[in-house]
Amino acid sequence: MDLLIRINRHYQELTEQERQMITALQQVDLAWDGLTSSELVKKLYVSRASIFRMLKKLELESFAELKYLIETNRIEL
């Protein structure tokens, strides 16, 4: 399922911080190929737990799945 569809479907469930993380993910140009969750939390100034709670709400199994969906969306754009 497309990442934007997941975000729209679960938007009301997300906290303000999670919404801000999603906005930051869309605005920040990151090299997703080798990016780890630890590196992402440093760039977004959030905890790893915050990232994984957001992933769970978006029905994503892992950080790798998030990376895949982001890369797929970039190719489609």
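This is a predicted model: local features need pLDDT of at least 70, side-chain atom pairs count only at pLDDT 80 or more; totals for chains, interfaces and linings use all residues.
On the α2 side, the contact is made by Gln17, Glu18, Met21, Ile22 and Leu25. Helix α4 contributes Ser50, Ile51, Arg53, Met54 and Lys57. By class, the residues of this contact of α2 with α4 comprise 5 nonpolar, 2 polar and 3 charged.

Helix α4 also packs against α3. Here α3 covers residues 37-44 and α4 covers residues 48-57, with an angle of about 105 degrees between them and 9 Å between their axes. That angle makes α3 roughly perpendicular to α4. The residues of α3 that make the contact are Ser37, Ser38, Leu40, Val41 and Leu44, and those of α4 are Arg48, Ile51 and Phe52. The contact of α3 with α4 divides into 5 nonpolar, 2 polar and 1 charged residues. Ile51 of α4 takes part in the contact with α2 and in the contact with α3.

The remaining points concern aromatic rings. The structure holds 0 aromatic pairs, where a pair requires ring centres within 6.5 Å. A ring does, however, take part in a contact with a charged side chain: arginine 19 lies over the face of tyrosine 11, at 4.2 Å from the ring centre.

Methods: Residues are numbered from 1 along each chain as its sequence is written. Side-chain values use heavy atoms; hydrogens and water are left out. Axes are lines fitted to C-alpha atoms, for helices over the stretch in contact, and angles run from 0 to 180 degrees between N-to-C directions. Helices (H or I, at least four residues) and strands (E, at least two) are DSSP runs, numbered from the N terminus. Angles under 35 degrees count as roughly parallel, over 145 as roughly antiparallel, 65 to 115 as roughly perpendicular and the rest as oblique. Contact means heavy atoms within 4.5 Å. Ala, Val, Leu, Ile, Met, Phe, Trp, Tyr, Cys and Pro count as nonpolar, Asp, Glu, Lys and Arg as charged, and the others, Gly among them, as polar. Rings of Phe, Tyr and Trp (its six-membered ring) pair if their centres lie within 6.5 Å; planes under 30 degrees apart count as stacked, over 60 as edge-to-face and the rest as tilted. A charge sits over a ring if NZ of Lys or CZ of Arg is within 6 Å of the ring centre and within 35 degrees of the ring normal.
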